[in-house]
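Subject: Structure handover

Hello,

Here is the structure I promised to pass on. My notes on it follow below.

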Amino acid sequence: MMVFFCCLNERNMFSWWPLLFCVCVALMAVGQVRYSVPEEMATGSVVGNIIQDLGLDVKRLKSGRARIFTEDGSEYIGLNADKGTLVVAKRIDREELCNQVSPCSLHFQIILENPMELHRIDVEVTDINDNAPFFSKKEYNFQVSESATQGARYSLESARDPDVAQNSIQSYKLNPSDHFKLNVISRTDGTKYVEMVLHSSLDRETQEEHKLTLTAFDGGNPQKSGSVKINVLVLDANDNAPVFSQSAYRVTVPENASQGTAVLTVSATDNDKGANQDLTYSFSQHTNSASSIFNIDAHTGEITVTGILDYEKTKHYEIDIEATDKGGLSDTTKVQIEVTDLNDNVPVISVISLSNPIPEDSALNTVIAMINIKDMDSGKNGHVQCFINQDLPFKVKSSSTNFYSLVSDDVLDRETVSEYNITITAVDGGSPPFSANKTICLKISDVNDNAPEFPQNSFTSFLPENNSPGMSLLSVKASDKDFGNNARVSYFLEDSQLNGMSASVYFSVNAESGEVLAVRSFDYEQTKEFHIRVKVQDGGSPPLSNNVTVKILIQDQNDNPPQILYPVQTGGSVVAEMVPRSADVGYLVTKVVAVDVDSGQNAWLSYKLQKATDRALFEVGLQNGEIRTIRQVTDKDAVKQRLTVIVEDNGQPSRSATVIVNVAVADSFPEVLSEFTDSPHDKEYNDTLTFYLVLALAVVSFLFITCLVVIISVKIYRWRQERFFNKSSGNLPVIPYYPSLYADAGGTGTLKQGLNYEIYGTTDSRMSDVKCPRPFSQNTLSVDPSATRTVPRHKAEAENVQTEQKPPNNDWRFTQGQRPGPSGPHMPYGTQIRWTTKNGTRATGGPEVAMGTGPWPQPPTEAEQLQALMAAANEVSEATATLGPGTMGLSTRYSPQFTLQHVPDYRQNVYIPGSTATLTSNPQQQQAMAQQATQQALPPPQASAQAEPPKAAQTPASKKKSTKKEKK
């Protein structure tokens with residue numbers, strides 16, 4: 001136990017420290033510390049430092065999992081393990097906790113583990129003046145006979161103050177005090193009660209009623225008080241008060257006393273006569289707590305039990321009994337009731353600490369659980385014995401009063417027993433005894449004390465050769481008796497040398513499943529077996545391991561064909577076996593020798609004659625490969641005999657090899673030589689030549705078919721274009737072509753000399769584009785009407801485009817013979833071109849007009865119009881393709897060197913819209929004009945080379961047309 005020595009020198013209190021100096025000596029195994037705290041402290045306030053008082057440190061508190069255990073489960077005090085201090089866990093009300101019991105203390109234990117330590121802590125809760133005195137009633141009424149003598153006593157209800165000691169009620173004051181004074185009486189238990197004593201006689205005739213005020217004061221600071229009103233009614237004379245036979249009564253009652261059980265009977269006497277002699281018994285005003293447990297008969301004074309008695313709650317009752325007569329006189333006495341204990345409580349088992357699970361390698365006397373057993377009874381009824389079953393490897397040891405330890409008493413093995421059901425039995429010493437049981441399910445945790453084990457010492461696996469890499473051979477499985485990670489096994493391939501290389505080059509092992517895999521393909525003819533070692537290791541700490549030998553046998557497969565050793569096959573020369581014509585039946589010609597590198601039945605060989613020049617002459621031995629004659633050789637047999645022998649093995653599927661044996665049936669070598677002089681190379685050459693000829697023929701055929709398909713496609717495309725053109729020709733406007741340097745010979749001014757027409761035509765009239773006349777650029781030359789000089793084109797000339805046209809001039813007409821180009825005299829018929837004016841009328845030229853001999857011709861037929869248009873389109877296409885830069889063409893402008901000789905006449909008649917003129921050819925006039933224009937207008941060669949004809953701006957229709965031509 002822990003003992004405190006506190007020394008205080010009152011004489012030197014102000015010269016020494018204001019606090020007490022305490023010297024503490026503690027025993028660390030089991031200690032006791034006592035603290036004192038006032039009630040109503042704030043939550044979290046420090047009660048004491050157990051590190052200093054118990055000699056512990058913070059590390060010990062944490063490692064020992066320090067905690068507080070209270071028998072009643074209250075949690076007023078908490079433990080701060082980080083600082084090693086006791087703190088207030090919740091509000092502490094001393095009056096609620098201990099009522100009037102003083103001192104008021106909290107008892108609990110601090111428990112440490114590894115090793116187990118138990119320290120008892122007592123915290124005394126000191127009282128503060130937080131309650132004021134109060135009375136249960138607001139006022140009291142008394143009837144006092146006027147004949148009451150001085151010194152008559154009247155019991156008053158004591159004021160209540162839940163506080164204790166100095167903070168409880170200390171004094172009373174009665175006001176006014178003319179006739180009465182107070183008498184404060186102390187009980188043996190320290191409580192006080194008040195009596196009102198008459199110190200001067202009363203006179204009813206003078207004052208019938210007296211109103212007094214009783215005030216109770218406590219001793220706290222600041223002082224608190226409570227008051228009650230007292231009304232005293234003065235009666236007529238009854239001058240004898242009742243008197244009890246005893247001033248105090250004592251009695252004992254068992255705690256199992258049933259309701260209605262009589263405890264005792266009190267009696268009092270009154271010397272008065274009549275009604276003043278009748279007495280009434282009652283509990284005094286200050287016996288409220290016992291009034292709910294006991295009852296008194298008002299007439300007989302018998303006290304009986306009305307409530308439930310419990311020794312564990314209240315062991316002693318003190319009751320004040322009052323006897324009152326009709327005159328208001330009374331007397332009081334005390335009744336002390338002692339409650340005796342009975343064995344009526346069963347022991348309560350509480351496991352306050354449990355280590356579950358515990359490792360199987362725990363040492364003997366390892367503390368597993370701390371147990372608290374409490375019996376509310378007292379004496380031998382509360383004495384408890386604790387024990388467990390004897391066949392368990394555990395035992396119970398008593399560590400302190402009501403505390404026991406469950407410790408190990410034998411070696412534990414999880415693989416044998418993985419858990420225990422421990423039944424703890426507590427029996428008290430009562431009669432009859434009561435007992436309690438509590439079962440703890442204790443699990444044993446695993447320790448890595450078992451190595452993995454294989455079901456057999458070695459494994460054997462068969463692997464066919466030529467296996468695929470990654471092929472599974474077998475799975476080795478090991479088991480571990482441990483649990484959890486200690487039983488989780490992993491497999492490894494031990495590093496060893498196989499054929500001078502590491503085993504991991506040939507095999508691998510799956511770490512999870514133990515599956516052995518082939519890393520590469522194997523050949524039985526190279527290696528027939530392997531020996532490897534597989535290691536298994538568990539996941540414990542430290543890990544345990546084991547190993548096993550795996551024997552892997554390679555199985556032969558029929559993967560090698562027979563190999564011919566004799567006769568040797570040579571590429572350049574022919575080897576022949578000679579057979580004389582005098583050979584008999586069974587003559588040994590030669591022997592085919594073959595081997596098979598496989599083993600077993602895969603190497604069993606059989607020989608068969610596959611082909612022969614004369615099958616009736618030779619045979620082959622099935623097992624030995626000997627070629628023998630099966631009949632007599634005759635002169636009719638061919639000299640050159642060719643035998644094909646096939647050699648097969650006995651595998652599944654079987655493999656084979658063939659050999660060609662040349663046999664010469666002759667008696668002399670020259671005869672043989674003449675038959676075998678044909679070289680095999682000629683045949684090979686002929687075969688190669690035949691292959692290339694066939695290939696060439698196939699290529700030529702493919703090209704021919706391709707060209708034929710292309711030609712047909714082009715024809716079909718053109719045919720579709722012509723159909724499309726025929727459908728859209730009815731809406732085509734026929735646009736005439738005007739050379740830019742035509743001159744108005746008559747000087748009538750019908751044509752402008754500087755006009756330039758740009759025409760873009762397509763087969764679809766909706767896509768055609770016509771640009772109206774525009775002036776030439778500065779580099780473009782124009783010929784005046786007289787054709788005598790060349791003048792620049794001015795802006796004013798361009799403005800005359802819209803002037804009124806003049807009548808036609810006959811000098812513009814060209815004869816049929818004067819027209820150059822394909823539209824001249826070579827044309828079988830005259831081309832007629834129609835121009836439709838804006839108002840819908842049209843003008844056409846017939847043969848008469850074309851020849852310059854008649855008026856406007858009759859309108860041509862539709863067929864004639866289509867023929868003329870097709871002929872014009874062809875001529876335009878030919879001219880465009882043949883003419884180069886600077887020559888006459890539809891896609892080029894006329895250069896300054898232009899003469900009438902360059903003008904191609906594409907039509908017989910040229911009709912100008914809005915004009916009645918028909919252009920014809922006058923040979924003499926045109927020739928003179930051309931010569932004069934040539935002499936005056938031709939620039940020097942240098943200037944001609946530098947002058948570039950202006951390019952016409954492209955329209956969308958012209959762009960499409962040019963694109964189509966480029967594609968063609």
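Which residue in β7 is the bridge partner of N80? It is T85. Keep in mind throughout that this is a predicted model.

**Sheets**

That pair belongs to the contact between β6 and β7, residues 85-88. The two strands run antiparallel and share four bridges. They sit in an open sheet of three strands, ordered β4-β7-β6. Pairing in this sheet is antiparallel. Its edge strands are β4, residues 46-49, and β6, residues 77-80. Each of these two pairs on one side only. From one strand to the next, the twist averages 25°.

There is also an open sheet of four strands. Its order is β18-β25-β24-β21, and the pairing is mixed. Which strands stand at the edges here? They are β18 (248-254) and β21 (279-283). Each has a single partner strand, so one side of each has no neighbour in the sheet. The twist in this sheet averages 25° from one strand to the next.

Within it, β24 covers residues 316-325 and β25 covers residues 330-340. They pair in the antiparallel sense, over nine bridges. H316 stands opposite E338 in β25.

**Nonpolar cores**

The largest nonpolar core has 27 residues. Those with the most contacts inside it are V263, V266, F294, I321, V335 and I337. Which elements give two or more residues to this core? They are β18, β19 (262-265), β21, β22 (294-296), β23 (302-305), β24 and β25. The largest share comes from β24, with four residues.

What does F294 touch, leaving aside neighbours within four places in sequence? Its contacts are V263, F283, I303, T304, V305, T306, L309, Y317, I319 and I337.

A second core is separate and has 26 residues. Among them are L463, F507, I552 and I554.

**Salt bridges**

How many salt bridges are there? The count comes to 23. A few are picked out below.

E40 and R91 form one, with the closest N and O atoms 2.9 Å apart. E40 lies in the loop between β3 (30-38) and β4, while R91 lies in the loop between β7 and α3 (94-98). The pair therefore ties together parts that are 51 residues apart in sequence. E40 is partly exposed, at 28% relative accessible area. R91 is partly exposed too, at 48%.

K211 and E209 make another salt bridge, at 3.5 Å from N to O. Is K211 buried or exposed? K211 counts as exposed, at 56% relative accessibility. E209 counts as partly exposed, at 39%.

E415 and R414 also meet in a salt bridge, again 3.5 Å from N to O. E415 is partly exposed at 25%. R414 is buried, with a relative accessibility of 12%; the cut-off for buried is under 20%.

Salt bridges also form a network. R34, R120, D122 and E124 are linked in it.

**Cysteines**

How many disulfides are there? The count is one. C98 and C104 form it, and their sulfur atoms are 1.7 Å apart. The torsion about the S-S bond is about 65°, so the disulfide is right-handed. Both ends fall under the 20% cut-off for buried. C98 is at 13% relative accessibility, and C104 is at 2%.

C386 is buried, with a relative accessible area of 16%. C707 counts as partly exposed, at 45%.

Best wishes

Terms used
Residues numbered from 1 in each chain as written. Predicted model: local features only at pLDDT ≥ 70, side-chain atom pairs only at ≥ 80, totals over all residues. Heavy atoms only, no water. Pairing = 2+ DSSP bridges. Axes fitted to C-alpha atoms, helices over the stretch in contact; angles between N-to-C directions. Salt bridge = Lys/Arg side-chain N within 4 Å of Asp/Glu carboxyl O. Buried < 20%, exposed > 50% of the residue type's maximum accessible area, 1.4 Å probe, protein only. Core = buried A, V, L, I, M, F, W, Y, C linked by side-chain atoms within 4.5 Å. Contact = heavy atoms within 4.5 Å. Disulfide = S-S within 2.5 Å.
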